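Please keep the sequence and the structure in view while reading.

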Amino acid sequence: MNMLLKSPILSLNVLHHPTTTFLRPFYPSTHLPLSSKLINTLHVSKQPLMKHSISSMKCSKNLEFEPDPTLTNEDLKPTSQTQRTFSGLEIASLWVGLVVGVPSYYLAGSLVDLGMSWWQGISTVVIANIIILFPLILTGHAGTKYGISFPVLARSSFGIHGAHIPTLLRALVGCGWYGIESWIGGEAIFILLPDSLKKITFLSNSLPWLGTSPLEFSCFMVFWVTQLAIVLRGVDGIRQLEKFSAPILIFLTSCLLIWSYVKAGGFSHMFSLSSRLTNSEFLSVFFPSLTANISFWATVALNIPDFTRYAKSQKDQVIGQIGLPIFMGLFTFVGLVVTSSTKVIFGEVISNPIQLVGKIGGLTTGILAIVGISLATLTTNIAANVVAPANALVNLNPSWFTFRRGAFLTAILGIVFQPWRLLKSSESFVYTWLVGYSALMGPIGGIVLVDYYVIKNMELRVSDLYTRSPFGAYYYSKGFNLAAIVALVVGILPVVPGFLHKVGIVSSISNAFVVIYNNAWFISFFSAGLLYWVLLSLGRKLGESVPIDPLLPDAN
C-alpha cells in the first residue's frame, strides 16, 4: 500500500517526464543525508508537479532523483516522444550516407592489393559487417528504449564519472576519422585546381615537418571549414543531410558502375582477379582484414544509441540497421569493379577514386564527380565522426560544452591527427589504424553489452543515470565502477605488444602476440566482457546486490 506521511526531514518534488519520473530530494541544512540503510521502500505516484513528504523509510532501489545540472543539459537528457522521428527508412538512409564514401570504396580494393581475389575481398567485407550488425542492433536497443545517448548509457556500466573513460576513447578515434575524411574531401578540391597552380614550386613541394604540401593542406582546411556550417546545425541538420543525400549518392554510384562497365567492356576483368596468396598466406591476411573491417564500424556500434534514441520504435531501428551489410557488400562490389576496370581503361590500377576523377578528365564529369565525392565525404564524416566525440565532450562538462562546441573541438583535433600520414599505404590504413583502434572499441562494447543484457536484464533506472547521489544505482565507488575499468584494461593489454611491433617501436615479439593483434577486436571484446561478468558474479555471491563494485571491501 502506498503511504505518504509528512516529515520536516525530506521532501520530494515529483517531476513528470515522458521516459521516467524524477524526484528531487531536499535536505534541510539542519539535517545530514539519511543513511541508505534507514530508507524504506518508496512508492510515489507519478502525478505531475506534486509534492509529497516521507518520514519513515528503509533502504530502497526505488528512490529517484532529479537530474544533477553537472550531468545533463538539453543534448544529454532523454529524448521525448516528439523528438523520436527516425523511421526505418531514415535510419537506412543514414547508413547509405555512411557507407557510400571513399574509405568504404577503398577498403575492398585494399584487400585485393594485399593479395585477395575479388570474391575473397567482398566476402571478407560482408562477413565482417554481418558480425558487427549484432552489437549495432543490441547496443541500439537501449537508445530506443530509454531515449539516451551513448555517454549516458556508459554511466550504467562504468559509473557516473567512469563513463568518461569509454566515451573519450571513442571520441579520440572519432577525431582521427574526422581528420581522415576531411583530408579526402580536401583531395577532391585539389583535383579541381588548375595545373598552373599545382606547378608553383613553393606551393606543391612537400614540407618535411608538415608531411604534405602547403597547397594540399590548404585544400584540406577549406573542406574542414565547409563542414562546420552543417555541423553547427546539430542532429536535425545531420538527419536532413543524410535523408536527401542518399538517393543522390545511389544515383552517382550507379553512374560510376555503368561507366566502368561500358568503358571496360563488361565485368570479366574483375572476375579474372584471382588470389595471389597460398592457403597459409590467406589466413594470415584474412583474420587481420576481418578485424579491420569489423573495427571499421566498431566505433559506430558503440555510439549507435546517439542515433537510435531518435528512432520511432525498436522495429524501425532494427529494420534500418539491417541495411548495413547489404549496402557495404554492394558498394565494395562497385569499388572493386571500377578499380579493376581501370587496368583495362588506363593501363594501370587506380584504387583511389579521387585520382580516378583526375584521370577521367572533362570539366562537367570532373565537377559532377567532385560533388559526389564531397557529398559522400560530408554524409559519412558528420554522422559517424562528429556526433560521438561531440556528445562525449558534452558529457565531460555539460555546463560548458554544447553539441556545437564539442563538434568544433572535434574538428580541431582532426587536424592534430595528421590524416595524410595514416593514408600513406593500404597496410598502414588496414593494419595500423583500423586494427589498432579495434583494441579500444572491442572491450568497451563487450562490457556495455554484458552489463545491459546479462547483469541488468535491459532494465535501467534513468533518473539514477543523472545523479551524483551516493544512493544512486550507478554511483558505485565515488562514481567509478572498478570492475568495468579493470575489465577494460585487461581487454586492451594483450594487444599492446602487437601494436607496438606494428608501428615499429618493438623490433620482435612472440608469435602469440601477433595472433592476438590480428584478432584484436574479437579477443578484447570477449575477454573484457567475460571478465566483467565474472567480477560482477563474484560480487553477487558475496551477497551484494547489483549494481555493486566487487573490487571494494564489504562496507559491512
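Val462 is buried, with a relative accessible area of 4%, where buried stands for under 20% relative accessible area, exposed for over 50%, and partly exposed for the range in between (1.4 Å probe, protein chains only). This residue lies in the loop between helix H19 (426-455) and helix H20 (482-492); helices here are DSSP runs of H or I with at least four residues, strands are runs of E with at least two, and both are numbered from the N terminus. Although Val462 and Pro67 are 395 residues apart along the chain, their C-alpha atoms are separated by 9.6 Å.

The model is predicted, so local features need pLDDT of at least 70 and side-chain atom pairs count only at pLDDT 80 or more, while totals for chains, interfaces and linings use all residues. Residues are numbered from 1 along each chain as its sequence is written, and side-chain values use heavy atoms, with hydrogens and water left out.

The loop between H19 and H20 also holds Tyr476 and Lys478. Phi of Tyr476 is near 50°, a positive value in a residue other than glycine, and phi of Lys478, likewise positive in a residue other than glycine, is near 55°. As background, most residues other than glycine have a negative phi, and most peptide bonds are trans.

Another residue to look at is Trp259, which is found in helix H9 (residues 234-264). When neighbours within four places in sequence are left aside, Trp259 is in contact (heavy atoms within 4.5 Å) with Ile345, Phe346, Leu356 and Ile360.

Pairs of helices come next. The table lists three of them with their angles and axis distances, where axes are lines fitted to C-alpha atoms, for helices over the stretch in contact, and angles run from 0 to 180 degrees between N-to-C directions.

| Helix pair | Angle | Axis distance |
|---|---|---|
| H1 (residues 88-99) and H15 (residues 363-385) | about 115° | 7 Å |
| H8 (residues 214-231) and H15 | roughly 60° | within 11 Å |
| H3 (residues 118-146) and H11 (residues 279-303) | about 35° | 8 Å |

Angles under 35 degrees count as roughly parallel, over 145 as roughly antiparallel, 65 to 115 as roughly perpendicular and the rest as oblique. H1 and H15 are therefore roughly perpendicular to each other, and their crossing is left-handed; a crossing has this hand if the near helix is turned anticlockwise from the far one by less than a right angle, and is right-handed if clockwise. From H1, the residues Leu94, Gly97 and Leu98 meet Ala376, Thr379, Thr380, Ala383 and Ala384 of H15. By class, this contact of H1 with H15 has five nonpolar, three polar and no charged residues, where Ala, Val, Leu, Ile, Met, Phe, Trp, Tyr, Cys and Pro count as nonpolar, Asp, Glu, Lys and Arg as charged, and the others, Gly among them, as polar.

H8 and H15 are oblique to each other, and their crossing is right-handed. On the H8 side the contact is made by Phe223, Gln227, Ile230 and Val231, and on the H15 side by Ser374, Thr377, Leu378, Asn381 and Ile382. These residues divide into five nonpolar, four polar and no charged.

The crossing of H3 and H11 is right-handed. Among the residues that meet there are Ile127, Ile131 and Leu136 in H3 and Phe282, Phe286 and Trp297 in H11. This contact of H3 with H11 has 16 nonpolar, six polar and no charged residues.

Helix H16 (residues 387-396) is mostly covered, since nine of its 10 residues are buried, including Val387, Pro389, Asn391 and Leu393.

For the whole protein chain, the secondary structure comes to 23 helices and three strands, and 55% of the 556 residues count as buried. Among contacts between residues at least 6 apart in sequence, 80% join residues at least 24 apart.
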